[in-house]
Amino acid sequence: MAFPCCVAEERSQLSNKIKALSRLKAKLLVIAEEQRASEIKQIRGDAVKAEWGQQIRNYVFHPYKLVKDVRTGHETSDIASVMDGELDPFIRAYLKHKYSMTLSESEPN
């Protein structure tokens, strides 16, 4: 009749094991979520708030037509094509600008 005490302990160990595994699972989920958030932040880079003065391009419709990229200085008067999605010249100008900035930062003084 010594077995009932052993059975009670076994149930307690089983419940402790279940609790420990659920806690471990929760911790692993938190760690995985933190890693995922870190990867997303690394991919996105620093977010810039959309506030006054933070715009990338200026669009002028009247009295004359002009689209100007503030970062690169690239501009065009063909505002209709830009509004239709023709952004390739602006993308090329930005990539050239970014490349030249990278070169100027890496040059020793």
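Tutor: Let's start with Asp69, which lies in strand β2, residues 66–69 (strands are DSSP runs of E with at least two residues, helices are runs of H or I with at least four, and both are numbered from the N terminus). This is a predicted model, where local features need pLDDT of at least 70, side-chain atom pairs count only at pLDDT 80 or more, and totals for chains, interfaces and linings use all residues. Residues are numbered from 1 along each chain as its sequence is written, and side-chain values use heavy atoms, leaving out hydrogens and water.

So is Asp69 buried or exposed? Asp69 counts as buried because its relative accessibility is 0% (buried means under 20% relative accessible area, exposed over 50%, partly exposed in between, with a 1.4 Å probe and protein chains only). Leaving aside residues up to four places away in sequence, Asp69 touches Ile56, Arg57, His74 and Phe90; contact here means heavy atoms within 4.5 Å.

Now zoom out to the sheet. Its three strands run in the order β1-β2-β3, making an open sheet with antiparallel pairing (two strands pair if DSSP finds at least two bridges between them). At the edges you'll find β1 (57–60) and β3 (75–76), each pairing on one side only. Between β2 and β3 there are two bridges, again in the antiparallel sense, and Lys68 stands opposite Glu75 in β3.

For another spot, look at Ile31 in helix α1, residues 3–44. Ile31 counts as partly exposed because its relative accessibility is 43%.
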